[in-house]
Amino acid sequence: MGLSRQVAIVAAGRVATTASIFVVNALLARAWPLGQFGRFSAVWILGNTLVPIFLLGVPTALLYIFPRRPPGAARRTLVHQASAILCTSALLLVALLWCVGGPLSGWWSGWLSGWLPGWMSPVDIGSLVLPFLPYVFSVVAAGHVEAALVASGRATWQAWLALGGALGLVLAAWVAWHVGWGVVDTLWALSAVAAVRGAIGWLLLAVGFEGMGLPSMTGIRALLGYASRIGLNDAVGSMSRAVDRIVVFGFLGTADLALYHVGAIEVPVSLMLAAVVTVLVPEVSRLSAAGRHEEVADLFRGAVGRLAFFILPLFCFLFVHAGSVIDVYLPAAYSRTDEVFRIFLLALPLRCAVFNPVLVGTGRANWALYGSIGDLLLNAILSVLLVQALLPTQAQWALLGPAAATVLATWCQVLVLLALVARSLGQSWSRVLPWARLGRVGLISLTAALTSMAASMAASNIWDLQPLLRLVVGLSVFAPISIGLLRFWHRPDWDELVGIATAVKQREGSL
């Protein structure tokens, strides 16, 4: 199977998984009142925050180590070791959640209430933890399945497994909405889907690896040693993504958590970024080893400029039409969610700066970890301080405090990493970033977005359009204006964009 085809198949599976989460949230938000959906969100956030931590970096480590083992028994033993490690980790996670949600729930709630002024004793979610335990166990215990299938050249199996799991989650949420299930019944249904998906995944491993080999300790130290470094990064990243939601839950309660959780959306551009990283890391590593730092800076500058063609227009369009997007996605009770969504969108332009290729390629991967730790600490401190400051006098704005803290912490992290990258390459900021292109594309996108907003509002006032039709009108105005301005203002930008599209269409063998 060609590399491009394999990447496309794996990406399709990941798109299905990501899309299913958005659909599940949209369905369950329509099924329950705010407080009930907030209780579900609290358990969902708790479990899915801990899952990456308890995966221990094993799936990614498997992708790295598997090709280095000779085919046959050595690879089967590696998969067996990963299975044993993650099953043990899954049992530990289940025990932790049972203690935190059950016997220790009152203790930790009381401890936090005494330590953080204004922290409420949250609504008891202990009764919701039990039906969610099979879900988290299955996700962790089978967390290496997709990595093992991809590493062994069975990407199609991985994609069908991911698609089946995604459809199962959506079906469970749809039934919950139409039948009127409560949170407990829905959690049991989601757990059943995860358990079936995990069992099928294990069956695929048994078939593909002829029983996954015999137990052996040979090479397990290398697996754990490599995985530990990845796991630490994953753990910090997972906590960084959850800390603002935990603050909302603790200080504001389940109803506000429901509003916040579905609005704190990170626009899924990660597939595009992952492709950029895959291509750039080897090239940056080669140039850095040769001491050609100016060329590394040019490579980074070019990547930022190309990503700006896609990310800046997406940011501007979503920002001005955020209200319509949320109206289509969620019921009327979630009208305030667009405020949270807009704040989180302010971090989207930062995704143009892909630091990982430069950090990894120049041997400074630890900087990303240090940046993530700084982001976590700053986010936690600012989230608590802003909520505590706003609650007494401006309680209606307290919901937005953690969102602002998250975006501010992300901006600080990116600016610090940008300064360090520029310094390590011995280049100025003007050389590292394509300021002229960022300005042109940003201004074009803003002009097109504001024009599309005006057209959408005018059409809505005349014909009283529904939110989806407002978005259609906005997009039909935004697209031709942005394309026209880009083509005629600075022709080299347009030519490069056409070149990117042409390269994407080319077959692998013609490159």
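Asp464 counts as exposed, at 61% relative accessibility (buried means under 20% relative accessible area, exposed over 50%, and partly exposed in between, with a 1.4 Å probe and protein chains only). The structure is a predicted model, in which local features need pLDDT of at least 70 and side-chain atom pairs count only at pLDDT 80 or more, while totals for chains, interfaces and linings use all residues. Residues are numbered from 1 along each chain as its sequence is written, and side-chain values use heavy atoms, with hydrogens and water left out.

**Overall make-up**

- The protein has 22 helices and 0 strands; helices (H or I, at least four residues) and strands (E, at least two) are DSSP runs, numbered from the N terminus.
- Of the 511 residues in the protein, 47% are buried.
- The accessible surface comes to about 23,600 Å², and carbon and sulfur atoms hold 69% of that area; areas come from the Shrake-Rupley method with a 1.4 Å probe, and for residues only the protein chains shown count as cover.
- Among contacts with a separation of 6 or more, 82% join residues 24 or more positions apart (contact means heavy atoms within 4.5 Å).

**Helix H17**

- Helix H17 covers residues 366-390, which is 25 residues.
- From its first C-alpha to its last, H17 reaches 36 Å, close to the 36 Å expected at 1.5 Å a residue; the expected span is 1.5 Å times one less than the number of residues.
- Buried residues in H17 include Ala368, Leu369, Gly371, Ser372 and Asp375.
- Leu376, Asn379, Ser383, Val384 and Val387 of H17 are buried as well.

**Salt bridges**

- The count comes to 10 salt bridges, each being a side-chain nitrogen of Lys or Arg within 4 Å of a carboxyl oxygen of Asp or Glu.
- Side chains of opposite charge can pair when their charged atoms come close.
- Arg351 and Glu266 meet in a salt bridge with an N to O distance of 2.4 Å. This pair links distant parts of the chain, 85 residues apart: Arg351 is in the loop between helix H15 (337-345) and helix H16 (356-361), and Glu266 is in the loop between helix H11 (254-263) and helix H12 (270-289). Arg351 counts as partly exposed at 22% relative accessibility.
- Asp298 forms a salt bridge with Arg431, with the closest N and O atoms 2.9 Å apart. Here too distant parts of the chain are linked, with Asp298 in helix H13 (residues 293-320) and Arg431 in helix H19 (residues 429-432), 133 residues apart. Asp298 is partly exposed at 35% relative accessibility, and Arg431 is partly exposed with a relative accessible area of 25%.
- Arg437 pairs with Asp493 in a salt bridge whose closest N and O atoms are 3.2 Å apart. The two are 56 residues apart in distant parts of the chain, Arg437 in helix H20 (residues 435-463) and Asp493 in helix H22 (residues 491-505). Both Arg437 and Asp493 are buried. Through salt bridges that share partners, Arg437, Arg440 and Asp493 are joined into one network.

**Cysteines**

- The number of disulfides is 0, where a disulfide is a pair of cysteine sulfur atoms within 2.5 Å.
- Cys87 is partly exposed at 22% relative accessibility, and Cys412 is partly exposed at 31%.

**Nonpolar surface patch**

- Leu346, Trp411, Leu415, Trp429 and Trp435 form a nonpolar patch on the surface, with about 480 Å² of accessible area together.
- Patches are made of residues with over 30% relative accessible area and no salt bridge; like charges are joined within 9 Å, and nonpolar side chains (Val, Leu, Ile, Met, Phe, Trp, Tyr) within 5 Å.
- Leu415, one of the patch residues, is found in helix H18 (residues 400-425). Leu415 counts as partly exposed because its relative accessible area is 40%.

- Asp464 has a positive phi of about 55° although it is not a glycine, and its place is in the loop between H20 and helix H21 (467-489).
- Leu56, also a residue other than glycine, has a positive phi near 60°. Leu56 is placed in the loop between helix H2 (34-54) and H3, and is partly exposed with a relative accessible area of 34%.
- Thr60 lies in helix H3 (residues 58-65) and is partly exposed, its relative accessible area being 39%.
- Thr60 and His144 are 84 residues apart along the chain, and their C-alpha atoms are separated by 8.3 Å.
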